[in-house]
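Work through these exercises with the structure open. Try each task before reading its solution.

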Amino acid sequence: MRVLAVEDDPTIAGDLARALGAAGFRVEICADGEEAWFLGDTEDFDLVVLDLGLPKLDGLSVLKNWRANGRDMPVLVLTARGAWQERVEGIEAGADDYLPKPFRMEELVARARALVRRAAGGATARVEIGALTLDTNRMTVAVRDVAVEVTALEYRLLSYLFHHRDRVVAPTELLEHLYGDEDAREANALEAVIARLRRKLGPGVIVTRRGFGYCLDGAG
């Protein structure tokens, strides 16, 4: 899952990157409102963590601009403790949830997971497609209720396919969400991960639609 964390405090931004990264998200950090507006308007994110007190353009204006342009990704707003008016304005502007500062990273991660699940139509941490089961809290995988040990990279791939289960996901999109723009994204790297997962999960769980991409068996 690809997350944009918009926070101008470098300490908090670093903590966000570490906590969300450890939870299986791929995190991109942005420190000012103008850049955040551009990124959220031109790229696809599964979640945005948005501080309201930003340089160049405040977070509330960024959020209003996104929603006015039809950008509907889930947004978790960070507010100063006791700033109830900011919370109300954020919700009215289209925020999906808010978290007052200071906060515990464990709570932020839990809320992030819940927002991503809700956006994908899932109400619980345990999600199933066909024979495959993912527990998004524990980041575990099972096939026909038998636990399968997977790496963090393999889990992210499965999780991304699940959360986009209504369509076939192109290889280039999978590569971007797994590795990011700065890493090697050769097609054979993706094929190697897919092949390894197929050996672990068994045939038929990950389906190849030739010329289009990948999906999970039973999706769509």
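**Exercise 1.** What covers the buried residues of α5?

This is a predicted model, in which local features need pLDDT of at least 70, side-chain atom pairs count only at pLDDT 80 or more, and totals for chains, interfaces and linings use all residues. Residues are numbered from 1 along each chain as its sequence is written, and side-chain values use heavy atoms, with hydrogens and water left out.

Step 1. Find α5, residues 105–119. Helices here are DSSP runs (H or I, at least four residues), and strands are too (E, at least two).
Step 2. List its buried residues (under 20% relative accessible area, 1.4 Å probe, protein chains only). They are Met105, Leu108, Val109, Ala112, Arg113, Leu115, Val116 and Arg117.
Step 3. Look for the cover, which includes α1 (10–22), β3 (47–51), β4 (75–80), β5 (97–101) and α6.

**Exercise 2.** Describe the open sheet of four strands.

Step 1. Read the order: β6-β7-β8-β9, with antiparallel pairing. Strands pair if DSSP finds at least two bridges between them.
Step 2. Find the edges. β6 (126–129) and β9 (146–148) each have a single partner strand, so one side of each lacks a neighbour in the sheet.
Step 3. β7 (132–135) and β8 (140–143) share four bridges, and Leu132 stands opposite Val143.
Step 4. Contact means heavy atoms within 4.5 Å.

Notes: The expected span of a helix is 1.5 Å times one less than its number of residues. Buried means under 20% relative accessible area, exposed over 50%, partly exposed in between (1.4 Å probe, protein chains only).
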